[in-house]
Amino acid sequence: MSISSPESNEKHSYRSGSCLKLNSIQRLQYTRKLGHSRFSCFFLLQIKGKFCFNMSGVHDAEKQFVSMETLSYGSAPCCQVVNSKWKSVEKCLNSRKSKVSSFGNHGVDYNTYKISICGSVRFYDVVQQRGFRPQNSIEGFGRIKFKVYSGSYDGYVIGEEEARDISGLEEHATKVRIPGLPDESKGESGASISSCFREWKPKLNIHYEKAGCDNMGSPNVLFLPGFGVGSFHYEKQLKDLGRDYRVWALDFLGQGMSLPFEDPAPLSKEGTTSNGNFSLWGFGDETEPWATKLVYSADLWQEQVRYFVEEVIGEPVYVVGNSLGGYVALYFAACNPHLVKGITLLNATPFWGFLPNPVKSPRLAKIFPWAGTFPLPSNVKRLTELLWEKISDPKSIAVILNQVYADHSTNVDNVFSRIVEITRHPAAAASFASIMCAPQGELSFSETLSRCRTSDVPICLMYGKEDPWVKPIWGLQVKRKVPEALYYQISPAGHCPHDEIPEVINFLLRGWIRNLESQGCVSLPLLEDLDSVKHTIDRELEFLREGSKKSVMVKIFCSNVSLWDRIRSYMKSHSKFWNLAAKSQ
């Protein structure tokens, strides 16, 4: 590709990784690599005018800028050029509006609104210049900074967030329009969902749902549910993401439809529960041989996920976990990094279990004679019966759902009915007791984070801000421990953002997976400007749901990446690109 000056026939050839040479009048103003450690992007700003950018002194400057050209290169083998022209600085400074072209594919549209005074260009590092005093209290121009937001879907927005405040300059958030869910009323069909069972151990069957299995060669995405729910909680992801990926969602043992098919500790013919209930399983005094060591713990679920990935999916996966599922996702990745391509945490619970782990703390564990195994002790049986009667009440379930969903207009009828259905299973009460009294995992939440970081497992955080249980502070703590992880804080959204705002979660997941699959050649979702890597970015996401517009605010806590890491990532990604190009020739 070549860049030619409208004032000269001289051409300056551009090649990846090389520096652009300008003639004596033209000076290279700005070269910056944009992106996350897993994607690289940079742009060049070329200003034609009589400027000297030597910080030791500044020559006389003309009022008129002939043109400004910006080359945005997204690390992919393609370039796009955005040209912006100003007749004069004076005219630019008096301008009250800025119109920016927006390019978009796949239904994504980036646009800015109500940007005043130059809007997309800010002047700072002010240096007084001889014989020239521009208007609007700006004393002069020493350096110009210019940004191009290169969207994940080739959308461009021009803006600047780091410049010093200038009198009269106001800038509002960028609005991004994203696709909604498949609309059947418009003939848009989602992926079909299949419900399956797989026997893992005697009498222990794993229930799971899958979609998009015909998408051969596409990445596999595995969803892990929170406590008390199951694979049905990811129906909106299965139908939507199943159009592009191979998507799986499973039920943890002891939950959902992965409850046992037989009674692990049956009552004797004469026996009943304290309230006379004959239908509850697991309340007997003798355990069946297959359930002797059964305890529904984090260690068991981690082993379950490993078995499922190895034997059912058969290749490394992207794992997405909500609440309890987030903790198990991290635990699984920490123990099996070779089976994980990336982890996404959706309001992940930062701990699980109250009793000490017998392997990690054997002496302390001996203090507690029972830790979630069958048969249940008599006092635990009585307590479970009292609690279960309250917990399984549909009114209590409705109250809990009302707490964890920030947007009460969200339709939760299906989730509500499925939870009520699960509570009516005869093994549900005893399974609940085992889960609540199970020991902690061998690895704490903090230890799993450290291991994942050591193993270079990519982590992305997508948290609902209005979660009454996992407050935003927990997501920020994860961010502090893993600074390179992206953190998307979404509002309004509660504990289950994937079900409350599936349009946003699906959009972010698609972008994040594409970035990782392309080894950084595709920019991260909503993070197209590398200058903001050490800061936060606010975006308003708008989408259609059932014919009505809805919007949420997303605050992005970006990755902290050193300059050396950026250069190293850039050289690595481009060396791979040129090696592939050479092989193809």
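Start by selecting lysine 203, in the loop between β13 (194-201) and β14 (204-211). Helices (H or I, at least four residues) and strands (E, at least two) are DSSP runs, numbered from the N terminus. The model is predicted, so local features need pLDDT of at least 70 and side-chain atom pairs count only at pLDDT 80 or more, while totals for chains, interfaces and linings use all residues. Residues are numbered from 1 along each chain as its sequence is written, and side-chain values use heavy atoms, with hydrogens and water left out.

**Two residues with positive phi**

Stay on lysine 203. Its phi is positive, about 70°, although this residue is not a glycine. Is lysine 203 buried or partly exposed? It is partly exposed, with a relative accessible area of 34%. Buried means under 20% relative accessible area, exposed over 50%, and partly exposed in between (1.4 Å probe, protein chains only).

Next, select glutamate 546, in the loop between β21 (536-545) and β22. Glutamate 546 is not a glycine either, and has a positive phi of about 55°. With 78% relative accessibility, glutamate 546 counts as exposed.

**The whole chain**

Zoom out to see the chain. Its secondary structure comes to 14 helices and 22 strands. Of the 585 residues, 55% are buried. Contact means heavy atoms within 4.5 Å. Among contacts between residues at least 6 apart in sequence, 70% join residues at least 24 apart.

**Helices α3 and α4**

Select residues 298-313, helix α3, and residues 324-335, helix α4. Their axes come within 9 Å and cross at roughly 65°. That makes α3 roughly perpendicular to α4. Axes here are lines fitted to C-alpha atoms, for helices over the stretch in contact, and angles run from 0 to 180 degrees between N-to-C directions. Angles under 35 degrees count as roughly parallel, over 145 as roughly antiparallel, 65 to 115 as roughly perpendicular and the rest as oblique.

The crossing of α3 and α4 is right-handed. A crossing is right-handed if the near helix is turned clockwise from the far one by less than a right angle, and left-handed if anticlockwise. To see the contact, show the side chains of Ala298, Asp299, Trp301, Gln302, Val305, Arg306 and Val309 in α3, then Leu324, Tyr327, Val328, Tyr331, Phe332 and Cys335 in α4. By class, this contact has 10 nonpolar, 1 polar and 2 charged residues. Ala, Val, Leu, Ile, Met, Phe, Trp, Tyr, Cys and Pro count as nonpolar, Asp, Glu, Lys and Arg as charged, and the others, Gly among them, as polar.

Move to proline 375, in the loop between α5 (362-365) and α6 (378-391). A cis peptide bond joins phenylalanine 374 to proline 375, with omega about 5°.

Which residues meet here? From α6 come Val380, Thr384, Trp388 and Ile391, and from α9 come Ala428, Ala429, Phe432 and Ala433. The contact has 7 nonpolar, 1 polar and no charged residues.

**Helices α7 and α8**

Select residues 394-404 for α7 and 413-423 for α8. Their axes come within 10 Å and cross at roughly 135°, which makes α7 oblique to α8. The crossing is right-handed. Pro394, Ile397, Ala398 and Leu401 of α7 make the contact with Val415, Phe416, Ile419, Val420 and Thr423 of α8.

Select arginine 453, in helix α10. Arginine 453 is partly exposed, with a relative accessible area of 41%. Leaving out residues up to four places away in sequence, arginine 453 touches Lys481, Pro483 and Glu484. Its C-alpha atom is 9.1 Å from that of glutamate 484, 31 residues apart along the chain.

Then select helix α11, residues 472-481, whose buried residues are Pro472, Gly475, Val478 and Lys479. These cover an arc of only 120° around the axis, which puts them on the same side of α11. The arc is that of the directions from the helix axis to the C-beta atoms. Their cover includes α10 (445-454), β19 (459-464), β20 (486-491) and β22 (548-557).

**Last stop**

Finish at proline 492, in the loop between β20 and α12 (497-500). A cis peptide bond joins serine 491 and proline 492, with omega about 0°.
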